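Colleague: I would like to learn how to read the contact between two chains in a model. Can we go through one together?

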Number of protein chains: 2
Amino acid sequence: MSDTGFLIREIESFFVGGRDVTLSGLPVERRRMAQGGPPRLVDPNGDVVTGQMYAQLYRQMRPASPLPVLLWHGGGMSGACWETTPDGRPGWLSLLLRRGFDVCVSDAVERGRASWSRYPEIYAEAPVFRTKDEAWVQFRIGPEGGYAHAAAARVAFAPTLFPVEAFDGFAAQFVPRWSGHEAMTQAAYDALVARIGACVLVAHSQGCAFALQAAARAPALVRAVVLLEPSGAPQDAPIGGPPVLVIWGDNIETSALWQRYRATAEAYLGRLRDAGRAVDVIDLPARGVRGNSHFLMMDRNSAEIAAMVGGWVAESVG
Amino acid sequence: MSDTGFLIREIESFFVGGRDVTLSGLPVERRRMAQGGPPRLVDPNGDVVTGQMYAQLYRQMRPASPLPVLLWHGGGMSGACWETTPDGRPGWLSLLLRRGFDVCVSDAVERGRASWSRYPEIYAEAPVFRTKDEAWVQFRIGPEGGYAHAAAARVAFAPTLFPVEAFDGFAAQFVPRWSGHEAMTQAAYDALVARIGACVLVAHSQGCAFALQAAARAPALVRAVVLLEPSGAPQDAPIGGPPVLVIWGDNIETSALWQRYRATAEAYLGRLRDAGRAVDVIDLPARGVRGNSHFLMMDRNSAEIAAMVGGWVAESVG
């Protein structure tokens, strides 16, 4: 809650990307689909849409910038990660709206409201479901082996800035994800950028490689890119694009996985620098800020980090 | 787009309901989860959350009513169905915000941002995916056999008020759903009502039975219920509750399925009336409004129907 609101002109949502698939030869089932109603025949054969993504665009009456900020989530998450934090503080959606930006929150292909497609008929295989056990370690809330079913028995990094008391509520956000869908997801993100037009991308984790690729493909539209803890980078060579800001949290040195992920991202960013691109880095622990997890936009200092991002964007895009 | 905006105090999102399940004995997989990174071991065993739902609550600075309106979607849909219509007009989220209501849009268990759980380990079976072919007929956009892959070859009811030119975009909204999950979904909706407090429910199709049950269980909180084309009704006896408004579209007499669904709903509503409850009915074709589909909130006269609903709510809850 806040004393000052924001004047919204319109909340638009839409789906972009995707294509039709026509299914045939699948058995017709008899299932009860309506409460209190009789079972009915359900024929799964016919046309379905696959590969689409979902976006929700908040347009203000008097935006402070002509460039909307697009918030792109990471793996196993939906756009909900940018909304209210698990412990109930305003998320980056609200914080960036209050700073005067138009903001677009999206769900990538397969995630959240974007929907997903049946396997093995359309997707090749089953998805991956993230456990709390894995999240606790991979999101660097606590050390390897630090998760326990009982909240009181969990071991977090000391200090940690993740709101650990809300970790169980946070885990309710996890959505299944697939591997090997990068080209499909990238195509939808590219379609999103084409639809929105000139914009700023703020991406987290898995979303960062999509943002770098989108910027390389549409350098006239993507005016700045902010990467929160990129977990990877595109395979292709950088071919131009806007200034980039990268932000890293704490305890990366405790994780072999995160050291590899960071090395992949930094190799790509080094090639960007070699190509003359502006790449700024905020290494939070090197600045004396200790305890940030992988979820910088949910940590207790998320508002301060949002302010850093907002300031950098305002400087970078004028 | 509109000339007049709305002043938002806060956009809050949260997850309610659900419980932990601890998985064990599943094989560890080796999969590449980050772009450009190496494959890693993925252990699906551990704690996961199941049965939760997602909600997004728009609070205005100066709401015209103390009662937020909760919009509950139907089967195979997410909360996105209440946002911008497939042909780009403001959805009921925006229309009700402009009328001064606080509004809550939610994704029921298994749908959209609420996430879903693996089967057969947690859910008993595979989901049902809706085809365009089925949707065209079951949503009463056109007659049995009226769908064709090529848009130009489709046969719609004459007249139809569904924006048929946007039907393919509409189909991008469809999400998988399960059967037999009513108790789990109802528990999450009951938790949502308990969290929000005094409220008005506006439900569509499958969502209507959940709304009637929620109203029966929490008559002190649910102050009015609007049912858009209910596809069913609770199994339990009505035990009190608020005034109800039911709205029906056109061409129900062409569909054996819809005649059965309507009979189920009307039998329940008859029992509510027998118990002394106020049940108002708007039968659109009986009023001379022809061509409404099952998706009243997307049809070309959706703004007029929203105005009817807003007026009835204002009268009913004073």
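Modeller: Start with the surfaces the copies use. Here 100% of the interface residues of chain A are also interface residues in chain B, so the copies meet through the same surface. Bear in mind that the model is predicted.

Colleague: How many residues does each chain bring to the contact?

Modeller: Chain A gives 95 residues and chain B gives 95 residues. The area buried between the two chains is about 7,900 Å², and carbon and sulfur atoms account for 50% of that area.

Colleague: Next, charges. How many salt bridges are there between chain A and chain B?

Modeller: The count between chain A and chain B is 12 salt bridges. One example pairs the side chains of A:Asp20 and B:Lys132, at 2.8 Å from N to O.

Colleague: Which element gives the most to the side of chain A that touches chain B?

Modeller: Strand S1 of chain A, residues 6-23, gives the most to that side, with 11 residues. By class, the side of chain A that touches chain B has 41 nonpolar, 29 polar and 25 charged residues.

Colleague: In which sense do S1(A) and strand S1 of chain B pair?

Modeller: For strand pairing, look at direction and at the bridges. S1(A) and S1(B) pair in the antiparallel sense, over three bridges. At the level of residues, A:Ile8 has B:Phe6 in S1(B) as its bridge partner.

Colleague: How many salt bridges does the rule give over all chains?

Modeller: Over all chains the count comes to 42 salt bridges. A pair within chain A is A:Arg59 with A:Glu12, whose side chains meet at 3.7 Å from N to O. A:Arg59 lies in strand S4 (residues 46-60) of chain A and A:Glu12 in strand S1, so this pair ties together parts that are 47 residues apart in sequence.

Colleague: Last, the backbone. Is the peptide bond between A:Tyr119 and A:Pro120 cis or trans?

Modeller: The angle to read is omega. The bond joining A:Tyr119 and A:Pro120 is cis, with omega about 5 degrees. A:Pro120 lies in the loop between strand S6 (103-107) and helix H2 (132-138) of chain A. In chain B, the bond from B:Tyr119 to B:Pro120 is also cis, with omega near 5 degrees, and B:Pro120 sits in the loop between S6 and H2 of chain B.

Colleague: What is the phi of B:Ser115?

Modeller: B:Ser115 has a positive phi of about 75 degrees, although this residue is not a glycine. B:Ser115 is placed in the loop between S6 and H2 of chain B.

Terms used. Residues are numbered from 1 along each chain as its sequence is written. Chains are lettered from A and ligands numbered from 1 in the order in which they are written. This is a predicted model: local features need pLDDT of at least 70, side-chain atom pairs count only at pLDDT 80 or more; totals for chains, interfaces and linings use all residues. Side-chain values use heavy atoms; hydrogens and water are left out. Contact means heavy atoms within 4.5 Å. Buried area is the accessible area (1.4 Å probe) that two parts lose on being put together, summed over both. A salt bridge is a side-chain nitrogen of Lys or Arg within 4 Å of a carboxyl oxygen of Asp or Glu. Helices (H or I, at least four residues) and strands (E, at least two) are DSSP runs, numbered from the N terminus. Ala, Val, Leu, Ile, Met, Phe, Trp, Tyr, Cys and Pro count as nonpolar, Asp, Glu, Lys and Arg as charged, and the others, Gly among them, as polar. Two strands pair if DSSP finds at least two bridges between them.
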